[in-house]
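Here are my notes on the model you sent over. Have it open while you read, as the points go residue by residue.

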Amino acid sequence: MGRRYTRKTMVRELALLLVAAVWWVPFYFLVIVALKPDIEALQSPLTFPKSVDLGNFSTAWHDASLGRALVNSLVITGGSVLALIAIGSVCAYTIARRGGRMGTALYLLFVLGIILPFQLGLVPTYSVLRHLHLVGSYLGIILLYTGIWMPFSVFLYTGFVRALPKEYEEAARVDGASQLRTFRRVVFPLLRPVTGTVAIFTGLIIWNDFFLSLIFLNGTNKTPLPVAVYTFVGAFASRWNLIFAAVIVSLLPVLIFFLFAQRQLIRGFTGGIKT
Amino acid sequence: MATVTFSDVGKTYPDGTRAVADLNLEISDGELVVFVGPSGCGKTTSLRMVAGLEEVTEGELRIGDDVVNELAPQERDIAMVFQNYALYPHMNVFDNIAFPLESQGMRKNEIRERVTTTAKLLGLTEHLKRRPRNLSGGQRQRVAMGRAIVRQPQVFLMDEPLSNLDAKLRVQMRAEITRLQEQLGVTTIFVTHDQVEAMTMGDRIVVMRKGVLQQQGPPELLYDEPANLFVAEFIGSPAMNLLRARLDGDAGELVCTIGRQRLPLPSRVVAARNGLAGYRGQEIAVGIRPEHLLDPRAGDPSLPRLRGEVKFAEALPPERLVYAAIAAPPVVTEDLLEIAKDVDEAAVERLEELADEQFVLACARFDISSEAPPRSTYDFAVVVDRLHFFDLKTGAAIR
């Protein structure tokens with residue numbers, strides 16, 4: 001049933017547009033600075049560009065090896081998220097279905113992992129990874145991210161599995177499916193909404209992470225986008241137009257992914273199980 | 001296909017709850033047995049033990065010649081229809097039905113053939129590509145049945161599969177399941193708390209209460225010769241009228257005193273129940289099925305009468321149910337309170353309140369052609385040969 005477009009509706013819409021506009025301000029500055037030549041970017045960073053310099057993008061792309069960094073980011077984020085989903089879901093399924101004291105103890109252990117700041121263990125972790133010759137490698141950083149975000153993944157999955165009716169699994173067992181097949185064909189597909197949540201949350205955090213990549217990957221050819229962008233930040237002078245151009249380039253994959261997947265993402269967040 | 005044998009089977013949970021105790025039962029090959037009873041009576045637990053979803057803690061359970069106590073559900077060659085169907089929501093109808101066959105590692109061609117045949121049998125052919133959420137309740141029910149029958153198991157297990165359907169569809173599906181079972185000839189255990197379902201579907205009914213088997217046999221036997229008060233009250237709709245009475249009389253003839261009314265029992269009635277004479281001078285429970293409380297204008301004029309105050313009547317063609325208050329103390333035992341509890345807590349309160357009253361609201365089943373009696377005192381004809389007598393302390397039928 002359609003609603004009447006009243007003055008109140010108009011005011012509400014204007015207010016929402018205003019709030020949306022506030023959100024666009026950083027993007028506006030990001031774009032205009034990225035389009036300015038070096039001198040103008042330093043002299044008057046907030047004005048509209050007098051001339052458009054698209055060369056910033058190609059300079060940023062070449063000087064910071066953004067192509068390579070983009071691949072690194074994709075490999076690291078993709079690898080970590082896949083591991084978080086694959087291991088987290090199995091682990092949470094076991095914890096949720098096992099129940100009893102052992103189940104509760106394991107669950108609390110993972111919750112503790114969320115509460116404790118990982119920075120506390122950074123030095124020993126670095127030392128261990130170095131001994132294993134994993135510093136500066138894809139495997140090392142993927143292992144690190146997977147470990148750090150596993151409690152969060154297990155926490156989300158466990159809550160969801162606990163709410164999942166056991167009948168589906170019982171039906172699969174009676175239908176002759178092995179435990180592995182029951183999980184792979186019945187349980188895991190039913191976890192799709194929470195898998196979406198885990199993928200987006202951890203994916204965004206890992207994609208944007210600067211700190212750990214700087215420590216574990218700096219100086220190698222495995223650096224992801226945030227560290228690559230940092231190339232233009234100097235001790236005495238920073239080339240903001242190049243930095244912003246690099247930021248735009250690194251934002252693009254995320255934006256494109258969102259544009260194509262937004263319907264599925266929202267459905268995933270709000271969906272639950274439709275029987 | 002196979003027999004299912006329970007030998008002293010019991011189930012005790014780790015917290016000490018005894019869900020099923022000493023269950024002894026043999027289900028023949030191709031038989032449809034209905035487990036019935038109020039919530040918590042152990043019927044679903046028994047079924048789940050056959051499925052392998054609950055551990056058998058005592059006794060021995062056999063499917064065919066094999067003891068299955070330690071076998072996983074996958075190894076038992078059984079199929080189950082769940083109360084909420086448990087259809088896999090992310091798979092379409094074809095994949096749902098094909099799932100058990102894929103689990104067996106069957107070849108794709110054969111799977112397609114079997115699923116198509118099953119879908120045809122159940123009228124699901126045009127819905128094979130739809131997801132369960134886009135199906136009606138009846139169609140989902142059929143898919144669940146399809147998933148069970150497609151693999152041609154030894155035993156079908158059905159856990160209240162009709163409880164989520166509306167009344168009309170339930171009647172239709174009831175007939176459909178019975179037809180399918182007869183057609184396929186697979187041994188079937190059907191669990192329900194609806195005694196009408198049990199009466200209409202089962203070759204044999206097993207009535208359970210608090211984990212203990214109360215009586216088992218064909219529907220007519222349970223209806224006509226209930227073993228105890230619990231079965232008498234549970235089987236039959238409307239339920240059996242139960243009144244407290246006293247057995248008096250001398251050697252030749254017994255008289256049942258109900259309130260201030262005397263109901264003479266002919267010698268043939270006493271002779272048919274050897275135990276009855278032993279209750280002379282004692283209080284017992286008398287049960288009268290509604291169809292044995294008749295319209296005096298229509299029945300045999302020689303039948304003894306029982307007076308009641310007509311309260312209201314319900315026309316339910318082809319019959320008319322007449323409710324009348326008969327001055328007699330009601331029977332309120334633990335058995336009956338449990339059955340009432342299954343309806344709701346208010347029913348329990350009502351029954352407890354009634355215990356203090358001195359009348360029973362009895363139901364009489366008239367033909368619809370009989371005129372509704374006036375709302376005043378009325379003499380009902382009683383078919384004394386079909387009366388039921390129970391020991392008030394043990395609840396057991398007096399025979």
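The points below take up a cavity and then a helix.

1. First, a reminder that this is a predicted model, so read every value here as computed from the prediction.

2. On cavities: with a cut-off of 30 Å³ or more, the count is one cavity. The volume of the largest cavity is about 40 Å³.

3. Who lines it? The lining of the largest cavity consists of A:S73, A:I76, A:T77, A:Y145, A:I206, A:W207, A:D209, A:S213, A:P224 and A:P226. By type, that lining splits into six nonpolar residues, three polar and one charged.

4. As for secondary structure, two helices of chain A, α4 (66-98) and α10 (192-208), each supply at least two of the lining residues of the largest cavity. The top contributor is α4(A), with three residues.

5. Now over to chain B. Helix α2 (residues 93-103) has eight of its eleven residues buried, so the rest of the structure largely encloses it. The buried ones are B:V93, B:N96, B:I97, B:A98, B:F99, B:P100, B:L101 and B:S103.

6. What do the buried residues of α2(B) pack against? Their partners come from both chains: α8 (167-174) and α9 (179-190) of chain A, plus α3 (108-122) and α4 (137-149) of chain B.

7. At its start, the backbone nitrogen of B:F94 has a side-chain oxygen of B:N92 within 3.2 Å. Just after the helix, B:G105 has a positive phi, about 75 degrees.

Terms used
Residues are numbered from 1 along each chain as its sequence is written. Chains are lettered from A and ligands numbered from 1 in the order in which they are written. This is a predicted model: local features need pLDDT of at least 70, side-chain atom pairs count only at pLDDT 80 or more; totals for chains, interfaces and linings use all residues. Side-chain values use heavy atoms; hydrogens and water are left out. On a 1 Å grid over the protein atoms alone, a cavity is a set of points where a 1.4 Å probe fits but cannot get out, and a pocket is an open set with protein on both sides within 12 Å along at least five of seven lines; lining residues have an atom within 4 Å of a point. Grid points are joined across faces, edges and corners, and a volume is the space filled by probe spheres set on the points. Helices (H or I, at least four residues) and strands (E, at least two) are DSSP runs, numbered from the N terminus. Ala, Val, Leu, Ile, Met, Phe, Trp, Tyr, Cys and Pro count as nonpolar, Asp, Glu, Lys and Arg as charged, and the others, Gly among them, as polar. Buried means under 20% relative accessible area, exposed over 50%, partly exposed in between (1.4 Å probe, protein chains only). Contact means heavy atoms within 4.5 Å. A polar contact is a pair of N or O atoms within 3.5 Å; within protein, one must be able to donate a hydrogen and the other to accept it, and residues adjacent in sequence count only if both atoms are side-chain atoms.
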